[in-house]
Amino acid sequence: MKKIEAIIQPFKLEEVKEALKAIGIDGMTVTEVRGHGRQKGHKEVYRGQEYMVDLLPKVKLELVVPSSRLEEVIKTLTAAARTGKIGDGKLFLYDVAEAVRIRNDDRGEAAL
Amino acid sequence: MTVEKPLSNPLAGGAQAAGDTQARFLRTGDAEQVLEQRSRWVDSVVTAAYEAHLAPVFSTGMAVLAVGGYGRRELFPHSDIDVLLLVAPGDPTGVAKEALSRFLQSIWDSELRLSHSVRTVKECCELHEQNVELNISLLDQRFLTGDEALHRELLARTPKFLGANRLQLARHLCKLTRQRHAKFHDTIHHLEPNIKEAPGGLRDLQLLHWLRCLEMTSSSEDAQMEQPRRFLHSMRCYLHYRSGRDNNLLNFEAQEAITEQSFLPFEDPSHSMREYYRHARAVHRAALRDLESVESRHSSLLAGFRDWRTRLSNSDFTVSRERLLFKSPQLLAQDPKLCLRLAAFLGRHRVQLHADSERRIQEHLPQLREFFAGPEPLWPDLRQILDLPHASFALRALHDTGLLAAIIPSWAQIECYVVRDFHHRYTVDEHTLITIENLELLPASKDDPARGRFAHLLSEIESSALVKLALLYHDIGKGDESEDHSLASRRLAAAESEKLGISAQDRQTLEFLIENHLILSGAMTGRDLDDPDTATWLAHKITTLERLKLLTLMTYCDIGAVNPTALSPWRMEQLWRVYLITYRELTRELKDEMITPSDAAPELRRFLTGFPTRYLRIHSTQEIERHFLLDQGRAADGAVVDITRQNGVYQLTVLANDRHFLFASLAGAVASFGMNILKAEAFANTSGTVLDTFVFEDPQRTLDLNPQELDRMRHTIERVVLGRTDVKKLLGKRPRLMPPSKGGRITGRITFDNEVSTTATLVEVVAEDRPGLLYDLTAVFSEAGCNIEVVLVDTEAHRALDVFYVTQQGSKLPEPLLESLRAPLLAACNG
């Protein structure tokens, strides 16, 4: 099993969710986060006052998928989250040792 | 629905009896027989256990008492059992301890969840500061079995103990209740309420009972609580049977399941929930009244404050012990507007209504409804109420007494209306009232970095009444499930607002706000904010900076009322970003988007061509027509000066041929009369006609007290426009004002931007407002040979926020010129 952590643009969340749902991936955790990568921040001026906007609002998705479906999920996710511009975000992949469904003790991929 | 297996009972006949009781309950919904039957059965279990294990060891010196809910014989199918073992003083022997252990074990074996305490009479009559629940539970004590003499001793000592500690116990009770209410955000309107613990739940009924036991309140409302008590008992009983445990959460599934039961006469969960809120509201209000009555007894400082508040009384109302009473309630029949004056009083002073006042309103409700349905325009009164600092408090009182639905008929559609949504925590009416509370809480957040920005926006708007009315209406269409709720709400508002007597222009804004109340939150999560098209789309949809501010505030309040954590710093940041990109786009449009009319009459086309699109967006058709006619009546080289008074301020409109120094001269002329300019706008069309508008206030009331001054002012301005009077000479006579204190001073800031517009330089100025500021600033531009193309001036409290689009010989200002302008502009800002 693999865990995918995806940092994406907030406005892409619905599209990504729909695309994942279309390939049968329903379960995910979504968090509202702030941060920046190479995109860095920028300076904004409002009424003569300068604000440094260095941490931009983003959305973090976490999902665990069977290893066999990893490439398919990555492809779907990146296609749905991409605008081609700086700030589209990143995916991070991790190995998952075990998964347990609390309700009935299902284990492994059956718990996903 | 699935109902769990009936309560099992090791004692003969227990399971059968419990099963029968449950079946009977599901047929009739009568919880009282369940409570009675279970209490009787538990009594028999406890007594039998006593006889078997404790009686042989304790011939005297041990009594078993039922306390708490068990003492009151209010045992729901899965309620805990509270028992007090009253013992004689002295250390128990090993045999006694063993017997006690067997006694407890046997009760646990009967599948009863027992909580017990072992106390002497003396311990029972001590105040347990850290555990007042113990003292309180004794208010419901009931002797079960054992040493009756010992129990009589307790009964004999209890009155003295209560006499000495009554107030302290009541205070503790109130404190615990307030803490419990706070956990539920002090509202009954939860979509999935806990019917025991939430405000208006069974615990509140117990509070009323305990305060009566402590002789802190009278029992006058007992009869009124009977219906709510039976309803809540029935609900709780059902929840216990359904889940097979002590579960008191009336969640969505349970709401659906209970509505299917034959004992409830409702076909839809939303109807049964309305019934729940109706009862919970009655209980909650009774609890609040009793809480306040007890709390008012224990602080002399508070009491002093309350006495002081009695001075708030006026010819219509009197305030007694923090409660508002009608002086002549019979007047409600002849003078229904007394209700509106009452709301204004509440909105100004935040005083609770007395129960008697509520009763009087209820009695007159049919006549009041009839009056409010009549032709009388209510907006002037309603607007005044909405502008008050505690308007939401007044609205709550109107809502609680049924008056709000009388004034705004469609409000009835969302009263206690449940919309099943994962994020929403409250019913639609409660959500709506919280949105308005959020708006009123904003000014206090001025120093908070995230919320403060929205607080500043609020101080920039002229009146919050219209936003509050828009908030009142924004979800009112949710009661009509046949169409999109934003459209349904707009439709209902449109139908009612004309009758309220709202002006056509305000109605347009109101309808715009309601219909579009979701576009900013939609853009926050559904649009690429870095894409210029998003800003353009929003700007075209929103059309003016004024509307943008109102809509941003509305969105802020709306998100914050979804649930207590919905308005996260993340969302505030996103909302601010949306505001900012739209603000920029609308500011850019000021200069770059010109009107190019195609289907107007040639003369009108000539007049409109070249004005910024903002001109069309901020003026009604009638105003534009008036401007056009004024311009038509103007001599080729003449000027039109028009001054009108509206809503306590003056509006000056000038139409003239453009010339150098014109705008600065006008600003100077207005200032020379001691007037304070609040807003100003200057536009020019391609034919060289300028239209300048100024909104100013008259701080010395010169024009109010000397009507002939208005003519002199009009005449002077006309001479200034035509260049026949030198504005500098006029200003030489102007009185100098005292500078503001150092603490309140705002340092002037100047920003130049050559990127925003394709043809002009944007200059933004933020400065301490003062009479003559606009003249001093614009004179700097004019003296440097610059032309002011577009001006947008606004003031927020003492802060002037000015936007100028400036050119020199038709082009943007070169860098060296910008630098040379900075110092004199700053000097003008800082007076």
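Biologist: How do α21(B) and α26(B) sit, oblique to each other or roughly parallel?
Modeller: α21(B) and α26(B) are oblique to each other, because they pack at an angle of about 45°. Angles under 35 degrees count as roughly parallel, over 145 as roughly antiparallel, 65 to 115 as roughly perpendicular, and the rest as oblique. This is a predicted model, where local features need pLDDT of at least 70, side-chain atom pairs count only at pLDDT 80 or more, and totals for chains, interfaces and linings use all residues. Residues are numbered from 1 along each chain as its sequence is written, while chains are lettered from A and ligands numbered from 1 in the order in which they are written.

Biologist: How far apart are the axes of α21(B) and α26(B)?
Modeller: The axes are 10 Å apart. Axes are lines fitted to C-alpha atoms, for helices over the stretch in contact, and angles run from 0 to 180 degrees between N-to-C directions. Helices (H or I, at least four residues) and strands (E, at least two) are DSSP runs, numbered from the N terminus.

Biologist: Which residues of α21(B) and α26(B) meet?
Modeller: Val467(B), Ala470(B) and Leu471(B) come from α21(B), and they meet Leu550(B), Leu553(B), Met554(B) and Cys557(B) of α26(B). Two residues are in contact if their C-beta atoms, placed from the backbone, lie within 7 Å. This contact has seven nonpolar residues, no polar and no charged. Ala, Val, Leu, Ile, Met, Phe, Trp, Tyr, Cys and Pro count as nonpolar, Asp, Glu, Lys and Arg as charged, and the others, Gly among them, as polar.

Biologist: And α23(B)? At what angle does α21(B) cross α23(B)?
Modeller: Roughly 45°, with axes that come within 9 Å. α21(B) covers residues 465-473 and α23(B) covers 504-515. These two helices are therefore oblique to each other, and their crossing is right-handed.

Biologist: Which residues of α21(B) and α23(B) meet?
Modeller: On α21(B), Leu466(B), Leu469(B), Ala470(B) and Tyr473(B). On α23(B), Asp506(B), Thr509(B), Leu510(B), Leu513(B) and Ile514(B). They divide into seven nonpolar, one polar and one charged. Ala470(B) also takes part in the contact with α26(B).

Biologist: New topic. How many helices and strands does chain B have?
Modeller: Chain B has 36 helices and 15 strands. Its C-alpha trace spans about 115 × 60 × 55 Å along its principal axes.

Biologist: Which domains does chain B have?
Modeller: The domain assignment gives domain 1 (14-172), domain 2 (184-295), domain 3 (315-407), domain 4 (421-592) and domain 5 (602-732 + 745-829). Such bounds come from an automatic or database domain assignment. The C-alpha centres of domain 1 and domain 4 of chain B lie 56 Å apart.

Biologist: What share of chain B counts as buried?
Modeller: 44% of its 831 residues. Buried means that 20 or more other C-beta atoms, placed from the backbone, lie within 10 Å of the residue's own; 12 or fewer is exposed, and in between is partly exposed.

Biologist: Why is α35(B) largely enclosed by the rest of the structure?
Modeller: Because nine of its 11 residues are buried. Among them are Leu773(B), Tyr775(B), Asp776(B) and Phe781(B). Just after α35(B), Gly785(B) takes a positive phi of about 80°.

Biologist: What about Asp186(B), buried or exposed?
Modeller: Asp186(B) counts as exposed, because it has 11 C-beta neighbours inside 10 Å. It lies in the loop between α7 (148-183) and α8 (202-213) of chain B.

Biologist: Last one. How many residues of chain B are in contact with chain A?
Modeller: 16 residues of chain B, with 16 residues of chain A. On the chain B side, α24 (519-526), α27 (569-592), β12 (749-753) and β13 (761-768) give two or more residues each. The largest share, four residues, comes from α27(B). The residues of that side divide into five nonpolar, five polar and six charged.

Technical notes
A crossing is left-handed if the near helix is turned anticlockwise from the far one by less than a right angle, and right-handed if clockwise.
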